[in-house]
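Consider the structure shown here. The paragraphs that follow go through its sheets, helices and aromatic contacts.

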Amino acid sequence: MFAPKFSFEQEQQFFLDIQQSIENNSFDRLILSQYKGEMAQLEKMTFRVIELQGQASLSCLYHYTTQDVTKNYAIDEGLEKIAELLSLSKQANLFTSDQDIQLKKNKKKAMLNSQKKQVPTAKVEQQQHNREKQRYVQQQSPFLKHLGITDEKGQIVPSMARKWKQINKFIEIFSHAYEQIDATQQELNIVDFGSGKGYLTFALYDYLQAQHKTPLITGVELRSNLVEFCQNVADQTGFSHLDFFEGDVRSYQPEKLDVMIALHACDIATDFAIHTGIRLNASMIMCAPCCHKELRPQLKSPEVLQPMLQFGIHAGQQAEMLTDTLRALLLKAYGYETKVFEFVSLEHTSKNKMILATKRKDIQQPDAKIMQQIQALKAMYGIEKQSLELLLQDQMPIENIGCKC
């Protein structure tokens with residue numbers, strides 16, 4: 001039997017609380033932070049219990065400075081990993097269905113604090129039932145049948161298995177980012193530019209309702225037939241605060257925005273969408289660009305890179321990387337913590353990159369050091385025009401902003 005050794009009695013008790021909460025199905029999540037081990041740029045770790053191939057497992061999301069990495073463990077192996085990481089973290093927070101427990105350590109002592117929750121019995125039973133499934137979107141949700149993802153018996157349609165995976169991955173990413181912003185906010189104003197058939201839009205509404213939030217979501221889509229279809233589904237499923245608007249980022253300008261999503265925005269439409277998020281001080285910005293055309297014609301190969309960039313495919317890849325690097329740096333310059341990582345590719349494009357930004361501070365002027373980095377990159381590649389930068393400087397009017405791939 002695994003028996004970890006800890007430096008403090010309080011640390012040992014905290015670990016026992018983790019074990020007990022997993023055993024009695026009250027475990028919600030565990031966050032280990034202020035990591036002092038050897039894994040470079042590791043900021044914090046979030047553990048959850050999930051179901052894999054019919055077995056309960058521990059899933060850990062490792063939050064690094066520039067990316068998130070998920071690893072899954074059998075329960076016993078996961079507890080060993082928790083014990084190891086707990087000994088190397090200065091703070092730990094355990095959230096269960098009946099209490100929240102915090103452990104704080106320094107070199108001399110450890111402090112353990114707990115706060116009981118007043119949760120009705122029926123709610124605890126429902127939480128435990130949901131925890132057994134451990135899905136971000138419940139398979140029996142009615143909207144899935146309306147969208148053709150499940151059949152009459154609530155089973156996933158085989159041809160929609162990839163879409164089902166994409167939906168759950170998107171909500172997983174959102175949920176972890178949501179923990180970093182003001183999670184106490186009751187109402188969330190969300191716009192999904194390029195909402196398409198609404199798979200992710202409906203899933204997000206359904207997820208936030210399950211979190212007892214009031215999502216005020218607008219899906220913005222150019223194709224009128226999809227707008228009509230999605231609005232009908234929203235009405236049939238009782239999603240009363242979910243609306244669909246025929247247009248794009250040029251024609252729909254929200255007055256208030258907490259979360260901006262743009263997963264279909266072609267070429268510089270992504271820049272217009274990001275600009276809308278920054279301009280309205282959105283707490284979260286999620287983009288998955290599907291094509292990159294603006295910088296490719298401007299790209300000039302630095303002499304040292306000419307042997308590599310003489311090949312067209314490499315030049316195209318370099319232009320894409322440069323485009324999204326400039327976007328990420330501009331987000332950072334304007335007060336956002338920004339990550340660029342792989343996402344499940346969309347049905348109409350093979351691109352699988354996501355830019356995720358969460359607001360960290362309000363600023364009066366963009367960070368001068370980061371802006372210098374941007375200018376250096378532009379000079380190195382001969383870039384004279386980048387739309388997001390021009391928009392942020394009020395130097396670019398809204399015009400024809402791209403296409404549907």
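Glu-51 stands opposite Ala-56 in S3. The strands concerned, S2 and strand S3 (residues 55–64), run antiparallel and are joined by ten bridges. Strands and helices are DSSP runs, numbered from the N terminus, with at least two residues (E) for a strand and at least four (H or I) for a helix; two strands pair if DSSP finds at least two bridges between them. In the hairpin of S2 and S3, two residues lie between the strands, and Gln-53 has a positive phi near 50°.

The model is predicted, so local features need a pLDDT of at least 70 and side-chain atom pairs count only at pLDDT 80 or more, while totals for chains, interfaces and linings use all residues. Residues are numbered from 1 along each chain as its sequence is written, and side-chain values use heavy atoms, with hydrogens and water left out.

How much of strand S2 (residues 42–52) is buried? Eight of its eleven residues are, so S2 is largely enclosed by the rest of the structure; buried means under 20% relative accessible area, exposed over 50% and partly exposed in between, with a 1.4 Å probe and protein chains only.

His-63 has its place in strand S3 and is buried, with a relative accessible area of 1%. Leaving aside residues up to four places away in sequence, His-63 touches a set of residues that includes Gln-41, Leu-42, Glu-43, Lys-44, Met-45 and Thr-46. Asp-68, His-176, Gln-180 and Lys-339 are also among the residues touched by His-63. Contact here means heavy atoms within 4.5 Å.

These strands belong to an open sheet of seven, in the order S4-S3-S2-S1-S5-S6-S7, with antiparallel pairing. Strand S4 (68–74) and strand S7 (110–116) are the edge strands, each pairing on one side only. From one strand to the next the twist averages 15°; axes are lines fitted to C-alpha atoms, for helices over the stretch in contact, and angles run from 0 to 180 degrees between N-to-C directions. Further along the order, strand S5 (residues 89–96) and strand S6 (residues 99–105) run antiparallel and are joined by five bridges. Phe-95 stands opposite Asp-100 in S6.

Phe-95 also takes part in a contact with a charge: the charged end of Arg-29 sits over its ring, 4.1 Å from the centre. The criterion is that NZ of Lys or CZ of Arg is within 6 Å of the ring centre and within 35 degrees of the ring normal. The charged end of Lys-71 likewise sits over the ring of Tyr-62, 5.7 Å from its centre.

A second open sheet of seven strands has the order S10-S9-S8-S11-S12-S14-S13, and its pairing is mixed. Its edge strands, each pairing on one side only, are strand S10 (242–246) and strand S13 (336–342). Strand S11 (residues 259–262) and strand S12 (residues 284–287) pair in the parallel sense over four bridges, with Ile-261 opposite Met-286 in S12. Two helices lie across strands named in this order. Helix H7 (residues 224–237) lies across strand S9 (214–221) and S10, at about 165° to S10. Helix H10 (residues 312–333) lies across S12, S13 and strand S14 (353–359), at about 10° to S14.

The whole structure contains eight aromatic pairs. Rings of Phe, Tyr and Trp (its six-membered ring) pair if their centres lie within 6.5 Å; planes under 30 degrees apart count as stacked, over 60 as edge-to-face and the rest as tilted. Why is the pair of Phe-174 and Tyr-178 stacked? The ring centres are 5.7 Å apart and the planes are at 10°, so the pair is stacked. Phe-174 and Tyr-178 are four residues apart in helix H5 (residues 161–178), about one helical turn, and both are buried. Phe-143, Phe-202, Tyr-205, Phe-239 and Phe-244 form one aromatic cluster.

Confidence is given by pLDDT, the predictor's confidence in each residue, from 0 to 100. The chain averages 86, and 90% of the residues score at least 70. Over residues 127–133 the pLDDT is below 50, and this stretch has twelve contacts in the model beyond near neighbours in sequence.
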